[in-house]
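Please open the structure in a viewer and keep the selection tool at hand.

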Amino acid sequence: MTLKLKLTRLLVLLTIASLYLATIPATFAQTIVRQDEEIKKMVDELSAANLEALVRKLASFDTRHSLSTIKEKKKGVGAAREWVKAEFEKYAQASGGRMVVELDKYTVKANGQRIPQDVELANVMATLKGTDPNDDRVLIISGHMDSRNTDVMDAKGKAPGANDDGSGVAAVMELARIMASRQFPATIIFVAVTGEEQGLLGARHLAEKAKAQNWNLIAMLNNDMIGNSSSDETELRNNMQVRIFSEGIPFVESEEQARMRRSTNRENDSESRQLARYMKETGERYVDQLEVKLVYRNDRFLRGGDHTPFSQNGFPAIRVCEMNENYRHQHQDVRVENGIQYGDLPEFIDYEYMRKNAALNLASLANLAWAPYAPTKVGINIKNLTNKTDLQWEAPAKGERPAGYYVLMRETSSPVWEKKFFVKDTKVTLPYSKDNYFFAVQSVDAEGHESIPVFPVPVR
């Protein structure tokens, strides 16, 4: 092919591209989202050294088994929860009275399985109240206080629980320290739950409480094992990837919601999965050298975590978990066997990796807590058959009016949103067919904080 012919073909392609771009309305354009300087500052305040100190202190209580002693001052789950409560109270001093710390106690009846007799347990909660009295949104971030050995009923043996789940609790604590001095319109609850290893007990208690009290819980972030970057099956470390698990088909949906899911093919667009995508986009925006891998199941194969009771009660909930699991240091008695050290000890945590995973949570929480309410009545107009897509919605009924909206688009086979258009109106016509793409709409404020995307339903 001659150079002249190549140039001619290139000119034709550029002409076609320009004509196509001309079909996109001038009222919106694909957007490059900027970073928020205050979120960047908070991310920079996260300290791997602080996280290590917190993990080592948690491991020093010898065991934090849910059924361990609550009478000793330096050993057992009772001493550990009192220490976490005291640390939360220190952080609360920077909040101007907005952070309230409590032991949320609850009684679990003997069940003949992992609870041999009635027992009183407690979640340690630090609630950072929103600054807007009309904003009823709640966000929860959690890790689980309790630890275990090989025998899940061993309440006395040494069970340091550094990674499982000292890493999650330490991340929750460090975020509470950093965020306590900031003001958010929505309420954020930082919680170390107890009873995870005995059947997700603390999380179930809190999820049922949220449902009974009709909380407007828009996001629940469960952090369980976020500090290990090695595997017992390979010498390779992976400190640049982290997993987020989310349900596809919701645990809870009405017959009408199930019918709508089937008719719009939204099996991959539950509220929990929208939250997972949101965290991937936001986390990778603020955290260098970290790729968020979206895993399309509620949790690991045949396993569960503290986000599950929230999903089962109809709330958007996800699990953040390290990319590799090292089974020499998970659910193992502390021992040396054939020259190999077993047990969940602090020296096996990669604290810089843990810092990045904590930063993923911080950026997501802050961005969402500062964002406007999500748009309402988001729909695709199906009145006429067309190769274009007509989207419409209404401004949120509560909170500050958004500066505009992002219209998101992806191919049906894509795990993530691929295009993001900014519009100021509450309707738009896109030159893309609804047969070939999925869409969603999110509110955005003047600083660029986005709400969770809302998947549209058919309207006439």
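**A tour of pocket, cavity and a buried histidine**

Begin with the open space that the lining residues surround. By class, the lining of the largest pocket comprises 21 nonpolar, ten polar and eight charged residues. This is a predicted model.

**First stop: the largest pocket**

Select Arg266, Glu271, Gly314, Pro316 and Val454: of the 39 residues that line the largest pocket, these lie nearest its centre. The elements giving two or more residues to this lining are β6 (216-223), α7 (255-264) and α8 (271-286).

**Second stop: the cavity**

How many cavities of 30 Å³ or more are there? The count comes to one. The volume of the largest cavity is about 80 Å³.

Next, select strand β4 (residues 137-144), in which His144 has its place. Is His144 buried or exposed? His144 counts as buried because its relative accessibility is 0%, and the cut-off for buried is under 20%.

Now show the side chains around His144. Its side chain makes a polar contact of 3.4 Å with the side chain of Glu196. A further polar contact, of 3.3 Å, joins the side chains of His144 and Asp224. Leaving aside residues up to four places away in sequence, His144 touches Asp164, Asp165, Val169, Val193, Glu196, Glu197, Asp224 and Asp306.

**Last stop: confidence**

Finally, colour the chain by pLDDT. The mean pLDDT of the protein chain is 93, and 93% of its residues reach 70 or more. Then select residues 12-27, where the pLDDT is below 50. Beyond near neighbours in sequence, this stretch has eight contacts in the model. Where pLDDT is low, the predicted coordinates should not be read in detail.

Key. Residues numbered from 1 in each chain as written. Heavy atoms only, no water. 1 Å grid on protein atoms, 1.4 Å probe; cavity = no way out; pocket = protein on both sides within 12 Å on 5 of 7 lines; lining within 4 Å. Helix = DSSP H or I, 4+ residues; strand = E, 2+ residues; numbered from the N terminus. Nonpolar A, V, L, I, M, F, W, Y, C, P; charged D, E, K, R; others polar. pLDDT = per-residue confidence, 0-100. Contact = heavy atoms within 4.5 Å. Points joined across faces, edges and corners; volume = space filled by probe spheres on them. Buried < 20%, exposed > 50% of the residue type's maximum accessible area, 1.4 Å probe, protein only. Polar contact = N/O pair within 3.5 Å; in protein donor to acceptor, adjacent residues only side chain to side chain.
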